[in-house]
Amino acid sequence: MAEIDALPFPFGCKPEAMALVVIDMQRDFAEPGGFGASLGNDVSRVVAIVPTVKRLIEGFRAAGLPVIHTMECHRPDLSDLPPAKRSRGNPSIRIGDVGPMGRVLIVGEPGTAILDELAPLPGEIVIEKPGKGAFYATSFGEDLKRLGVQQLVFAGVTTEVCVQTTMREANDRGYECLLAEDATESYFPEFKAAALAMIRAQGAIVGWTATTDQVLKGIADA
């Protein structure tokens, strides 16, 4: 079995049962005027990882491995948006409100779309998720079973919220999880660092971390 040079120890790579999951690389989280910026966040941190995420996606596509995209979004009538989520924090605009890129995090609105540079290809799975984790109220679990996936490589944003939540959910369901360190980001550097440490603590209690170069080399060597 090929190995990916990962932390806290090498990750046994099984490309025949591996998929890439790209979490929430959406305009609302990456562009000025979007929801992320409305919360006072520096979205340039998200923009900076786009080339690396793109290279990771292209590497999986070239190897013939599945690429799955997620989008955090809600129904236009907000029936899947709990009040506790809509009222959190003190943003200038809230989920469902009209912002510079349409209604915030609503299905079909311009700001909810995945960034053009990372757009899904026809046939790639796109999970529209109303929660932080990709398994909640979606077909994600069924899709992974149908694909015969056992290992998940993660990229996207934000490291400590939607990415880590989905990794923990996947770990509980028996998937081996690896996070591409340079293809994920947080608005807060200290939060990303803490999330990486928590993921690989206690002998990879949630999963492994590695660079995009290490991931792609492991796949190529397999």
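## Close-up views of a predicted model

**View A. Ala137 counts as exposed, at 56% relative accessibility.** We're looking at a predicted model here, as in every view that follows. Ala137 sits in the loop between strand E7 (125–129) and helix H6 (140–147). Its phi is near 60°, a positive value in a residue other than glycine. Most residues other than glycine have a negative phi.

**View B. Gln202 has a positive phi too, near 50°.** This residue is part of helix H8. Is Gln202 buried or exposed? With a relative accessible area of 72%, Gln202 is exposed.

**View C. Helices H7 (residues 159–172) and H8 (residues 189–204) come within 10 Å of each other, axis to axis.** They cross at roughly 15°, so H7 runs roughly parallel to H8. The crossing is right-handed. On the H7 side, look for Thr159, Glu160, Gln164, Met167 and Arg168; their partners in H8 are Phe191, Lys192, Ala195, Met198 and Ile199. Sorted by class, that contact has five nonpolar, two polar and three charged residues.

**View D. Leu56 is a buried residue of helix H4 (residues 50–62).** Leu56 counts as buried because its relative accessibility is 0%. What does Leu56 touch, leaving aside its neighbours within four places in sequence? The contacts are Leu20, Ala155, Ala180, Ala183, Thr212, Val215 and Leu216. Take Leu216: it is 160 residues away from Leu56 in sequence, yet the two C-alpha atoms are 7.3 Å apart in space.

View E. The disulfide count for the model is zero. Both cysteines count as buried, Cys13 at 3% relative accessibility and Cys177 at 1%.

**View F. Leu7 and Pro8 are joined by a cis peptide bond.** Omega is about 10° for this bond. Pro8 belongs to the loop between strand E1 (2–4) and strand E2 (11–13). Most peptide bonds are trans.

**View G. A cis peptide bond links Val157 to Thr158.** Here omega is about -20°. Where does Thr158 sit? Thr158 is in the loop between strand E8 (151–157) and H7.

Definitions and conventions. Residues numbered from 1 in each chain as written. Predicted model: local features only at pLDDT ≥ 70, side-chain atom pairs only at ≥ 80, totals over all residues. Heavy atoms only, no water. Axes fitted to C-alpha atoms, helices over the stretch in contact; angles between N-to-C directions. Helix = DSSP H or I, 4+ residues; strand = E, 2+ residues; numbered from the N terminus. Parallel < 35°, antiparallel > 145°, perpendicular 65-115°, else oblique. Left-handed = near helix turned anticlockwise from the far one by under 90°. Contact = heavy atoms within 4.5 Å. Nonpolar A, V, L, I, M, F, W, Y, C, P; charged D, E, K, R; others polar. Disulfide = S-S within 2.5 Å. Buried < 20%, exposed > 50% of the residue type's maximum accessible area, 1.4 Å probe, protein only.
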